[in-house]
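Student: Can we go through this model together? I'd like to start with the charged side chains and then look at the overall fold.

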Amino acid sequence: PGNYADVVLLTPTEEFIRHLPFGKIPDRKDFQKLNDSARMHYWRNCISLGERMADDFHELVHSDRLSLEVKLLEPGKLKG
């Protein structure tokens, strides 16, 4: 836990995750269930949504809102 003092942890919101295909963060098992065409569509869709999250973070960093969005992690909730 002491190593996290200077870490920024970017996590998707539940709303963001609901908009992902299958309503969850993709894992390897998802890709095993799909044919090549569906797998490529799924992958591109997830990448596109991830890029939007990165763009939102970039905008937040360069705005006056960053301090309003940052939440400190409670030390007791960290597993070390």
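**Salt bridges and the fold**

Tutor: Asp36 counts as exposed, at 55% relative accessibility. Buried means under 20% relative accessible area, exposed over 50%, and partly exposed in between, with a 1.4 Å probe and protein chains only.

Student: Before we go on, what kind of model is this?

Tutor: This is a predicted model, in which local features need pLDDT of at least 70 and side-chain atom pairs count only at pLDDT 80 or more, while totals for chains, interfaces and linings use all residues. Residues are numbered from 1 along each chain as its sequence is written, and side-chain values use heavy atoms, with hydrogens and water left out.

Student: Back to Asp36. Which side chain does Asp36 meet in a salt bridge?

Tutor: Asp36 pairs with Arg39, at 2.1 Å from N to O. A salt bridge here is a side-chain nitrogen of Lys or Arg within 4 Å of a carboxyl oxygen of Asp or Glu.

Student: How are Arg39 and Asp36 placed in helix 3?

Tutor: They are three residues apart in helix 3, which covers residues 36–61, so about one helical turn separates them. Arg39 is partly exposed, with a relative accessible area of 25%.

Student: How many salt bridges does a search of the whole structure find?

Tutor: Four. Side chains of opposite charge can pair when their charged atoms come close.

Student: Which residues are linked in a network of salt bridges?

Tutor: Lys24, Asp27 and Asp30. Lys24 meets Asp27 at 3.0 Å, N to O, and in the salt bridge of Lys24 with Asp30 the closest N and O atoms are 2.9 Å apart.

Student: Is Asp30 buried or exposed?

Tutor: Asp30 counts as buried, at 3% relative accessibility.

Student: Where does Lys24 lie?

Tutor: Lys24 is in the loop between helix 1 and helix 2, the latter being residues 28–32. Leaving aside residues up to four places away in sequence, Lys24 touches Ile17 and Asp30; contact means heavy atoms within 4.5 Å.

Student: Which residues does Tyr42 touch?

Tutor: Not counting residues up to four places away in sequence, Tyr42 touches Pro21, Phe22, Pro26, Asp30, Phe31 and Leu34. Tyr42 sits in helix 3 and is buried, with a relative accessible area of 4%.

Student: Zooming out, what does the secondary structure of the protein come to?

Tutor: Four helices and zero strands, running α-α-α-α from the N terminus. Helices (H or I, at least four residues) and strands (E, at least two) are DSSP runs, numbered from the N terminus.

Student: What radius of gyration does the protein have?

Tutor: The protein has 16 Å, whereas a compact globule of 80 residues would be near 12 Å. The radius is taken over C-alpha atoms, and the globule rule is 2.2 Å times the number of residues to the power 0.38. Along the principal axes, the C-alpha atoms fill a box of roughly 45 × 35 × 20 Å.
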